[in-house]
Amino acid sequence: MAAPGENLRINGDRLWDSLMDMAKIGPGVAGGNNRQTLTDADAEGRALFQSWCEDAGCAMGLDALGNMFATRAGTDPDALPVYVGSHLDTQPTGGKYDGVLGVLGGLEILRTMNDLGIKTKHPIVVTNWTNEEGTRFAPAMLASGVFAGVHDQAWAEAREDAKGKTFGAELDRIGWRGEEPVGARKMHAFFELHIEQGPILEAEGKDIGVVTHGQGLSWTEVTITGKDAHTGSTPMPMRRNAGLGMARVLEAVEEIAWAHGPHAVGAAGHIDVYPNSRNVIPGKVVFTVDFRSPDLAVITDMVAQMKARARAICDDMELEIAFEQVGGFDPVTFDPACVSAVRSAAERLGYSHMNIISGAGHDACWINQVAPTAMIMCPCVDGLSHNEAEEISKEWAAAGADVLMHAVVETAVIVE
């Protein structure tokens with residue numbers, strides 16, 4: 001198929017202005033965003049995105065989990081669409097670019113094509129996936145997981161937040177449930193642009209990350225139970241300190257991850273301590289161990305080692321321990337043809353690039369199971385993400401969107 005000319009570029013100023021306008025919705029307390037899924041702020045962001053898509057001449061589709069699909073028609077009514085997108089929801093203390101760049105970068109592709117009168121054989125669809133972050137309703141990538149057949153829809157709708165509100169009820173409350181069956185759409189291909197969320201591209205001085213694989217992950221929720229007791233009047237030999245048990249398990253998690261290097265990682269990011277009082281020895285702790293690696297065998301071994309060492313620690317301390325698998329997915333190998341389209345686009349446009357493995361989970365990781373998929377990454381300052389100080393440059397955003405457009409348009413086939 002013919003490749004688009006190297007002079008084909010998006011409007012970087014317009015993309016940046018759109019990013020800044022979206023960032024005004026659900027502002028954080030320190031310059032970032034708090035636009036958690038299915039909140040009023042999420043509804044407002046969705047409405048703005050829809051208005052922009054309609055202004056660009058797109059028809060908006062909406063499925064039963066609130067996934068949004070803005071379609072620019074192709075010349076062949078029988079050709080399957082090329083999909084592009086990411087997510088608009090954020091962490092409670094999130095940045096302005098995580099996910100949002102992929103959605104608005106997709107919109108900018110359509111705007112640029114309109115400006116230049118470019119037609120494609122395949123339709124192009126820009127997608128906003130619901131609840132990618134998984135902060136309010138676990139697990140992450142929830143709606144794209146249902147779309148790909150990984151999760152059951154009823155199970156997804158029953159997920160509860162910290163206040164006991166369910167995903168389904170909150171989706172209805174904000175008015176963004178559609179009638180379209182989840183997963184009914186068929187895709188020719190899917191492309192996702194995202195900030196790296198790590199320091200590699202910036203450190204290597206590269207404009208573009210060509211994502212060849214995605215790390216797999218395993219989330220194990222660990223509950224350690226001891227006995228609440230007064231911190232001042234309970235003798236040291238008589239304590240059953242669940243907090244201390246957790247500390248020793250987390251030290252083991254660190255050692256296990258280091259031993260499986262260089263690509264394995266592990267930590268606990270979600271920790272609840274009970275009763276969480278200054279003068280009470282913790283009687284119970286609940287924490288989630290997050291292990292990741294591009295090698296499934298490594299993940300499996302790390303989890304097994306963690307459980308064995310954690311049981312031994314708790315037995316020695318006369319503590320009870322329980323494990324529950326609360327999330328995870330296998331490592332991902334992205335479609336070679338789609339990856340090649342991304343790499344060729346970067347080369348055609350003259351952007352420096354390198355192969356990279358995604359350390360985070362993304363909607364593309366699930367969609368890869370049902371359609372040829374690839375990802376594009378741009379650098380972020382100091383690799384910082386899931387933080388209100390998350391930052392990228394206008395030039396990085398434009399380069400990523402340029403590569404995205406070339407890969408998408410080439411796959412959708414330009415009609416002369």
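Aspartate 161 and arginine 136 are both buried, where buried denotes a relative accessible area under 20%, exposed over 50% and partly exposed the range in between, for a 1.4 Å probe and protein chains only. The model is a predicted one, in which local features need pLDDT of at least 70 and side-chain atom pairs count only at pLDDT 80 or more, whereas totals for chains, interfaces and linings use all residues. Residues are numbered from 1 along each chain as its sequence is written, and side-chain values use heavy atoms, with hydrogens and water left out.

Side chains of opposite charge can pair when their charged atoms come close. A salt bridge is taken here as a side-chain nitrogen of Lys or Arg within 4 Å of a carboxyl oxygen of Asp or Glu, and by this rule the count comes to 16 salt bridges. One of them joins aspartate 161 to arginine 136, with 3.0 Å between the closest N and O atoms. This pair links distant parts of the chain, 25 residues apart, since aspartate 161 lies in the loop between helix 5 (153–157) and helix 6 (167–174), and arginine 136 in the loop between strand 5 (124–128) and helix 4 (142–147). Helices (H or I, at least four residues) and strands (E, at least two) are DSSP runs, numbered from the N terminus.

Arginine 136 also meets the side chain of glutamate 170 in a salt bridge (2.6 Å, N to O). Because glutamate 170 lies in helix 6 and arginine 136 in the loop between strand 5 and helix 4, the pair ties together parts that are 34 residues apart in sequence. Both glutamate 170 and arginine 136 are buried. A further salt bridge is formed by arginine 177 with glutamate 157, the closest N and O atoms being 3.0 Å apart; arginine 177 lies in the loop between helix 6 and strand 6 (189–195) and glutamate 157 in helix 5, 20 residues apart. Arginine 177 has a relative accessibility of 29% and therefore counts as partly exposed. Through shared partners, salt bridges join Asp40, Arg136, Asp161, Glu170 and Arg173 into one network.

The loop between strand 5 and helix 4 also holds proline 139, and the peptide bond to this proline from alanine 138 is cis, with omega near 5 degrees. Asparagine 131 is found in that loop too; its phi is near 55 degrees, a positive value in a residue other than glycine, and asparagine 131 is buried, with a relative accessible area of 1%.

Histidine 386 lies in the loop between strand 16 (373–378) and helix 12 (394–412).

According to the UniProt record, an unreviewed entry, the annotation "domain: Peptidase M20 dimerisation" covers residues 215–314; UniProt positions are given in the numbering used here, feature names are shortened, and annotations may be inferred rather than shown by experiment. The span of residues 215–314 is 37% helix and 34% strand, and its end C-alpha atoms lie 30 Å apart.
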